[in-house]
Amino acid sequence: MRTGKIPHWADVTLVPLLSVALAFAISAVLIWAIGESPSEAVKLMVEGAFGSTYGWGYTLFYATNFIFTGLAVAVAFQARLFNIGGEGQALLGGLGVALVCLYIPWPHWSIALIAASLGAALFGAAWALIPGYLQAKRGSHIVITTIMFNFIAASLLGYMLVSVLRVPGSQDPASPRFPSEIALPKLHEILGLVGIPFSTVPPVNIALLLGIAMCFAVWFMLWRTRLGYQIRAFGESEPAAQYAGISPVRTTIYVMLISGALAGMMAVNSVMGEQQRLVLNAVEGAGFIGIAVALMGRNHPFGVFLAAILFGFLYQGGAELALWTSIPRELIVVIQALVILFTGALDNMVRMPISRLFALRKRAG
Amino acid sequence: MDVATIVQVLESTLRLATPLLFACLAGLISERAGVFDIGLEGKMLMAAFMSAAIAYVSGNVWVGLTAAVFASVVLSLVHGVASITFRGNQLISGVAINFLAAGITVVVAQNWFRQGGRTPSLSGNARMQRIDLPFVDVVRDVPVLGPIYTILSGHALLVYLAFLCVPLTWYVLFRTRFGLRLRAVGENPAAVDTAGVSVVRLRYGAVAICGVLCGLAGAYLATGLSAGFVKDMTAGRGFIALAAMIFAKWRPWHAMGAVLLFGLLEAVANRFQNIEILGVGVPVQAMQALPYILTVVILAGFVGKAIPPRAGGSPYVKEH
């Protein structure tokens, strides 16, 4: 079961592509087994997600969520920390956005956007701080503590929505609507400025640009700053990093703060950009999809961006599929699981045929 | 609060603790052998669906139970292949298994029954029957002993089996050769390998036992505690079991105490919507979050540190 060396370009392209191909192949078998046509399904999904600006709009809206949560997981992975708590951090981010938007009267959406982003980042980071601190100082396994914090976040949000933020007299556990003056501009308004027509229906909004900006910011932070170097060195080898004078405690806590802040900022897109109020299931599993996105994107911001688009496509395509066939939306969860399994856990298995191929080529050449 | 209410809450505690206990012991055995398993939730969910689906089709709960155990063991083997054979990341594999189960159960349930991802309600022999302990009607009115005996009586067979598994797990882990080797493989696999015992085989054995126990947990959930499968019906129980395992510091008897505590919390939260302690109202969400908060506190080591098996989470690479 020993895997030989494969070139870096193959590692970042062939391995994830083969993993996705395997995941799609198994999903196709599943679709076939429940009596539907896999090729019809693919056609419906591609048309539904990319066939119109309406489809593109939803694809990009979902992708925006996954960019934030994917970056959150990827940054933590760079330091060999598995932050599985994106879901809870994004929930808290939503709470941050709601408090900022509800209790402070903002004169303009642009100022509100900056304030809400900071609020979301602050709440998300705070929720990641405790597991980060416990990992760094007390050695409590970050995976377990972040899982526990997801559940605690869900309970906390339930309490806040039922007992504190709920509209008086309403049965619905949701916050009041945010003022309409601070509604974020949608993509069709932005594209309209340069004369490109775009569907007005989908909720894709300016947070998409914020997400792309965060991809650049994370790339810059990881590869062009001292902190980024420390994070990557720490991830490569903790003892070596420590020997070089990099503090494990400080690095772990900083990474978790950044990771939590990124996950929290997802709420700018979903809570402020779409729903315009805080509801119970504001995150809808996007925190977990971030794991698949980060694994698939090989923990690189550009890879995360591409993987987020892929999962945005799967999400929107899956919704169309559920609409027109008897295949439920949960098929996407299966594909997501298989992508995580192949890119994350069965990595060595996927690599084997590729490394054998390169070994053969080397011998021949 | 009268005696009848207390009896009801405690009866419900036993029932709610049962799936937790199976899953907790499952995780305990797997992790004692050095294989982390955060996929307990997924295996339970898959087993819950299979037990309900097959019990409905066959009309026999035991056929359903067999199918549930089979399905759960299959997922366990996927985890084994990923984390033992291919030395992948055990935590990521567990996450994948959770999602695999969450997705596949709904897709297949919708295809088989067309009821929005649930199975039809089970009745008669497709459900687990309550077993009344002997003489329960005679003893009922005896003070003290009567209520206690009533609490213990009238549960499904799997409830009694779950609590029997506690001494059994303890015996196997601490009094048999297999158990000694299993614990050794979780602490220092190289030593076990040097002694000529197969690390891979032991770990697969532990993972398979974990699968069987998760299968029982899921089957009880769908055919004993409820009457059928609904989407995401495990609702985090796999993670509560994981929390109980850490809370018990990977020890079987303590695990029983932990799941009884967590079961009691759930039973109380189900029974009373508003609880007042010393005049201060405790929101029901705080009760729901308590197991997770307690686990973080234990993990933080402020009240007795929880130290996992030393080789847990790392694949074993044989030296050449």
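Predicted model: local features only at pLDDT ≥ 70, side-chain atom pairs only at ≥ 80, totals over all residues.
## Helix H8 of chain A and its neighbour H11

H8(A) and H11(A) lie roughly antiparallel to each other, because an angle over 145 degrees counts as roughly antiparallel and their axes cross at roughly 165°. As for the sense of the crossing, H8(A) passes H11(A) in a left-handed way.

Which residues make this contact? From H8(A) come Ala207(A), Leu210(A) and Met214(A), and from H11(A) come Leu262(A), Val268(A), Asn269(A) and Gly273(A). Sorted by class, the contact of H8(A) with H11(A) holds five nonpolar residues, two polar ones and no charged ones.

## A closer look at H11 of chain A

H11(A) has 28 residues, which at 1.5 Å a residue should span 40 Å. Its end C-alpha atoms are 40 Å apart, so the expectation and the model agree.

Is H11(A) largely enclosed or largely open? Of its 28 residues, 21 are buried, so H11(A) is largely enclosed by the rest of the structure.

On the H8(A) side the contact is made by Cys215(A), Val218(A) and Trp219(A). On the H13(A) side it is made by Pro301(A), Phe302(A), Val304(A) and Phe305(A). By class, the contact of H8(A) with H13(A) has seven nonpolar residues, with no polar and no charged ones.

The loop between helix H12 (286-296) and H13 of chain A is worth a stop too, and Arg298(A) is found there. What is the phi of Arg298(A)? The value is near 50°, which is positive in a residue other than glycine. Arg298(A) counts as partly exposed because it has 19 C-beta neighbours inside 10 Å, while a residue needs 20 or more to be buried.

## Helix H14 of chain A

Helix H14 of chain A runs over residues 331-345 and has 15 residues. From its first C-alpha to its last it reaches 20 Å, close to the 21 Å expected at 1.5 Å a residue. How many residues of H14(A) are buried? The count is 15 of its 15 residues, and H14(A) is described as mostly covered.

## H11 and H12 in chain B

Over in chain B, the helices to compare are H11(B), residues 237-247, and H12(B), residues 252-271. Their axes come within 8 Å and cross at roughly 135°. H11(B) and H12(B) are therefore oblique to each other, and the crossing is right-handed.

In H11(B), Ile240(B), Ala244(B), Met245(B) and Phe247(B) meet Ala255(B), Ala258(B), Val259(B) and Phe262(B) in H12(B). The contact of H11(B) with H12(B) divides into eight nonpolar residues, no polar ones and no charged ones.

Although Ala235(B) is not a glycine, its phi is positive, about 45°. Is Ala235(B) buried or exposed? With 12 C-beta neighbours inside 10 Å, Ala235(B) counts as exposed.

Within helix H10 of chain B sits Arg201(B). Arg201(B) is exposed too, with 12 other C-beta atoms within 10 Å. The C-alpha atoms of Arg201(B) and Leu225(B) are separated by 35 Å, and these residues are 24 residues apart along the chain.

## Where chains A and B touch

The contact takes 38 residues from chain B and 37 residues from chain A. On the side of chain B that touches chain A, helix H3 (61-85), helix H4 (90-113), helix H11 (237-247) and helix H13 (284-300) of chain B each supply at least two residues. Which helix gives the most to that side? H4(B) does, with 14 residues. The residues of the side of chain B that touches chain A divide into 23 nonpolar, 14 polar and one charged.

How values were computed
Residues numbered from 1 in each chain as written. Chains lettered and ligands numbered in written order. Helix = DSSP H or I, 4+ residues; strand = E, 2+ residues; numbered from the N terminus. Expected span 1.5 Å × (residues − 1). Contact = placed C-beta atoms within 7 Å. Nonpolar A, V, L, I, M, F, W, Y, C, P; charged D, E, K, R; others polar. Axes fitted to C-alpha atoms, helices over the stretch in contact; angles between N-to-C directions. Parallel < 35°, antiparallel > 145°, perpendicular 65-115°, else oblique. Left-handed = near helix turned anticlockwise from the far one by under 90°.
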